[in-house]
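Here is a quick tour of a protein model, written for someone who likes to know the cut-offs behind each term. Have a look at the fold before reading on.

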Amino acid sequence: MVRILLADDDILALNRLANLIDWNANGYEIVGQALGGSDCLKLLETLRPDIVLLDVDMPDKNGVEVTQEIQRRQLPVKILILSNYDTFSFVRDTLHNGAYDYLLKHQLCPDILLRKLAEMTEILQKEDVAGSHLSFFTTVAKQKYLHGLLLHGITNRQEHAHMLTQSDFACGNYCLSVMQVTNFILITHFSDTMNREKMIDSIQTLSTNIFSSLGNGLITHMEYGQFAVLFHFPGQNSTQEIQNATQRAMRLLDTNIRKLFGLTVIFQISGIFAEIGNISHVFEQTRQLLEQRQIVPTESEDADTTLSMREETELMNALSGLDQEKTCAILQDIFLHAGGRPSQQLVHRLLQLGLRFQNAQKMEPAMDTHVMFSGTDISRLNSQETEAFLTKYFRKIIEQAPGFGSRRHCAHIQKALQYIHENYGQDITLRDLADYLHVSPTHLSRLFRKEMDTSFIDYLVSYRIERARQLICQTDLDLKTIGEKVGFHGYNYFLRAYKEKTGHTPSKDMPGRN
């Protein structure tokens, strides 16, 4: 990839530029962000980018002074100037000092920027400069390696030996920070403009830019809006200095996330450690300390932040019966077992069940977003408010279900749904279910079609596929085993049914494939 350095004294302008195009998809990598001319010259020496996008009007050292110094040092970098209307005299001087071209900020758009970058890249390729930087050690690769290191420790000694040549992983002292976006799952579920992947990418891009300007810090996303940041201090041994530097960096990141995205975050910093091979243990300890800070103290010693199969079944049965009071009672028990605050994993699963109920009812999922909770600042909900918010959400989607208020599922259908939800992994036929309910298969088939607007077998297959999808996302089981666990005895039939119900093959839902 062609390495890009951004230089502007305005952090907002830098963030807009960093998000203007998909850099990696177009063959570019932002390796640093300089907050001023002096900072730019320092990063040019350490990062050795191929191209620098340089603001011409900066207070400490302007673009003219920076280009003069680049020319004096004979640094092998192409310079693209970014200018306002009133700085053309500066622009002219930068061109005399070797800048390739300039763009006016108010005219900057993806097409123009990509076209100009392509021109400069072609020159670099001819000069064989960009080729010297083609390396495995891109920021994205280091983020992925850190992610694996945090979860599994060192698994490949040869790969790890290569990584130790990089500044982020070289010998020295380290400090790890674990950061959580507050109410991440709720925010991304109900946001009009920010989906989960976009939010994760935006936070990582902003963080990478800030840490590049500081010369320290490597961030990776773990799960559910939780990030880990590794700081490396090769020449420092003072615990206090290292922790102070880490605190300052994380507070700077916190401030910018609040300012740019309107999000609140909390973070926990680890102790100092010197062995990078111990980082998975350090991460787990730090993550647990962070989660303890989020959870309100409770008398229960058996707090469970996940959702059991029994709780899922009971909740889906109550939803299928359009029973608001029973649904709210089940949610209250779930929150009680969660020990005072629903975890991001628990909130994620509850919202998945809500969407599954809406799909089964042929409801439009978007109905639960705009009107229902307009004016609610989800990012600032405390634990009790989060529980109340989720309870309100489930009451509302039941109210919006077809037939609510005029009819509910009859007793036979409610019992039939409960039986399917509890026995979907076994061989179930319409006759078996009819015998269980003490009715004729013909009568049960008519009831199912009337109340569920689908056939018994179609509902059973859909439910099995939903359970299979959950196992694919949450376990390491192979597809053949998953198909058998949810009641499919033929592997090919399972694959066909999965694609028919979801529109894609099971492999697309496997972690790491999206």
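## Ground rules

Two strands pair here if DSSP finds at least two bridges between them. Helices (H or I, at least four residues) and strands (E, at least two) are DSSP runs, numbered from the N terminus. With that in hand, take the hairpin of strand 7 and strand 8: two residues sit between the strands, and Tyr224 takes a positive phi near 50 degrees.

This is a predicted model, where local features need pLDDT of at least 70 and side-chain atom pairs count only at pLDDT 80 or more, while totals for chains, interfaces and linings use all residues. Residues are numbered from 1 along each chain as its sequence is written, and side-chain values use heavy atoms, with hydrogens and water left out.

## The chain overall

The protein chain has 21 helices and nine strands. Of its 514 residues, 50% count as buried (buried means under 20% relative accessible area, exposed over 50%, partly exposed in between, with a 1.4 Å probe and protein chains only). The chain exposes about 24,600 Å², and carbon and sulfur atoms supply 48% of that; the areas come from the Shrake-Rupley method with a 1.4 Å probe, and for residues only the protein chains shown count as cover.

Contact means heavy atoms within 4.5 Å.

Five strands form an open sheet in the order 2-1-3-4-5, with parallel pairing. Strand 2 (28–34) and strand 5 (101–104) are the edge strands, each pairing on one side only. Neighbouring strands of this sheet are turned by 25 degrees against each other on average, direction ignored. For angles in general, axes are lines fitted to C-alpha atoms, for helices over the stretch in contact, and values run from 0 to 180 degrees between N-to-C directions.

Inside the sheet, strand 3 (residues 51–55) pairs with strand 4 (residues 78–83) in the parallel sense over five bridges. Val52 stands opposite Ile79 in strand 4. Helix 2 (residues 37–47) lies across strand 1 (2–7), strand 2 and strand 3, running at about 135 degrees to strand 2.

Four strands make another open sheet, in the order 7-8-6-9, and here the pairing is antiparallel. Strand 7 and strand 9 (265–269) stand at the edges with a single partner strand each, so one side of each is left without a neighbour in the sheet. The twist averages 25 degrees from one strand to the next.

Strand 6 (residues 173–181) and strand 8 run antiparallel and are joined by eight bridges, with Tyr174 opposite His232 in strand 8. Helix 6 (residues 139–152) packs on the sheet and touches strand 6, strand 7 and strand 8; its direction makes about 55 degrees with that of strand 7.

Why is strand 7 (residues 218–223) largely enclosed by the rest of the structure? Five of its six residues are buried. Strand 7 pairs with strand 8 (residues 226–233) in the antiparallel sense over five bridges, and Ile219 stands opposite Val229 in strand 8.

## A helix pair

Helix 12 (residues 309–320) and helix 14 (residues 344–360) pack at an angle of about 35 degrees, their axes 11 Å apart. On one side of the contact are Glu312, Leu315, Met316, Leu319 and Ser320 in helix 12, which meet Arg349, Leu350, Leu353, Arg356 and Phe357 in helix 14. These residues divide into six nonpolar, one polar and three charged (Ala, Val, Leu, Ile, Met, Phe, Trp, Tyr, Cys and Pro count as nonpolar, Asp, Glu, Lys and Arg as charged, and the others, Gly among them, as polar).

## Single residues worth a click

Most residues other than glycine have a negative phi. His438, not a glycine, has a positive phi of about 60 degrees; it lies in the loop between helix 17 (430–437) and helix 18 (441–452) and counts as exposed at 73% relative accessibility. Asp453 also has a positive phi of about 60 degrees without being a glycine. Asp453 is in the loop between helix 18 and helix 19 (456–474), exposed at 54% relative accessibility.

Ser202, in helix 9 (residues 196–214), is buried, with a relative accessible area of 9%. Leaving aside neighbours within four places in sequence, Ser202 is in contact with Asn19 and Phe261.
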